[in-house]
Amino acid sequence: MFVDFPLNSVSIEERRKGASFQPIANVSKILGLSFKPQGEVVGNFVEDVVCLSPSRCARVRLVTANHMTTEPFQNFQFDGVVGLGLATLAVDSHFSLFEQMARSDGSFIPQFGYYVSDRDDVASEICFGGHDSRHMRSSLQWAPVHDPFKGFWQVKVLRVTVNGE
């Protein structure tokens, strides 16, 4: 599924006309998601093939929005959100992009890296299945996830140093 419509110019119903997703058999749940401090999405469970590249695809379960609050979603310039939380945050493993990619492609590494550009003429990036070493200024250092059962990519911070202090 590759969809790229400006959020404010196309209604949810118009977006679905060309969509390939299918309702999940024997599942008729409607899910409400709240985003703190404001915002809510109500949607249905569906299943679709999600591709990270032409050769890296997996069947993944998603939530399609039936209703979104104006705040904060009217200001977003994207069509959806990919959850990158650990497996314990997913409704079940079929909703976990990383788990489904790993199941469909044994060579897929369940990691992601991101690069945040500080220049307007250089795009920020996210890399699935590893990292892009071209953006690294030093060697990669791994830190264990703190309390992984909560489902978040949290690390334990022992101290913060700014300008040597």
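Biologist: Let's start with charges: which side chain does Asp-147 meet in a salt bridge?
Modeller: Asp-147 pairs with Lys-150, at 3.5 Å from N to O. A salt bridge here is a side-chain nitrogen of Lys or Arg within 4 Å of a carboxyl oxygen of Asp or Glu. Asp-147 counts as partly exposed because its relative accessibility is 33%; buried means under 20% relative accessible area, exposed over 50%, and partly exposed in between (1.4 Å probe, protein chains only).

Biologist: Before I go on, what are the ground rules?
Modeller: This is a predicted model, where local features need pLDDT of at least 70, side-chain atom pairs count only at pLDDT 80 or more, and totals for chains, interfaces and linings use all residues. Residues are numbered from 1 along each chain as its sequence is written, and side-chain values use heavy atoms, with hydrogens and water left out.

Biologist: How many salt bridges does the count come to?
Modeller: The count is 8 salt bridges. One of them joins Arg-61 and Glu-47, 3.2 Å from N to O. That pair links distant parts of the chain, with Arg-61 in strand 4 and Glu-47 in strand 3 (residues 40–53), 14 residues apart. Helices (H or I, at least four residues) and strands (E, at least two) are DSSP runs, numbered from the N terminus.

Biologist: Is Arg-61 buried or exposed?
Modeller: Arg-61 counts as buried, because its relative accessibility is 19%. Arg-61 also belongs to a network of salt bridges with Glu-47, Arg-59 and Asp-92.

Biologist: And what does Asp-132 form a salt bridge with?
Modeller: Its partner is Arg-134, the closest N and O atoms being 2.6 Å apart. Asp-132 is buried at 17% relative accessibility, whereas Arg-134 is exposed at 68%.

Biologist: Nice. Now the greasy part: which residues make up the largest nonpolar core?
Modeller: There are 8 residues: Val-50, Ala-58, Val-60, Leu-84, Leu-97, Phe-98, Met-101 and Phe-108. Strand 4 (56–68) and helix 3 (97–104) each give two or more residues to this core, and helix 3 has the largest share, with 3. A nonpolar core means a set of buried Ala, Val, Leu, Ile, Met, Phe, Trp, Tyr and Cys residues joined through side-chain atoms within 4.5 Å.

Biologist: What is Leu-84 in contact with, leaving aside neighbours within four places in sequence?
Modeller: Leu-84 touches Phe-98, Phe-112, Ile-126, Phe-128 and Trp-153. Contact means heavy atoms within 4.5 Å.

Biologist: Switching to Ser-117, where does it sit?
Modeller: Ser-117 lies in the loop between strand 5 (112–115) and strand 6 (125–128). Ser-117 counts as buried because its relative accessibility is 15%. The Ser-117 side chain reaches the backbone oxygen of Arg-119 at 3.1 Å and that of Val-122 at 2.8 Å. Leaving aside neighbours within four places in sequence, Ser-117 is in contact with Val-122, Ala-123 and Ser-124.

Biologist: What's the overall pattern along the sequence?
Modeller: The chain reads α-β-β-β-β-α-α-β-β, with 3 helices and 6 strands. Buried residues make up 22% of its 165 residues.

Biologist: Last one: what pLDDT does the chain average?
Modeller: The average is 75, and 75% of the residues score at least 70; pLDDT is the predictor's confidence in each residue, from 0 to 100.

Methods. A polar contact is a pair of N or O atoms within 3.5 Å; within protein, one must be able to donate a hydrogen and the other to accept it, and residues adjacent in sequence count only if both atoms are side-chain atoms.
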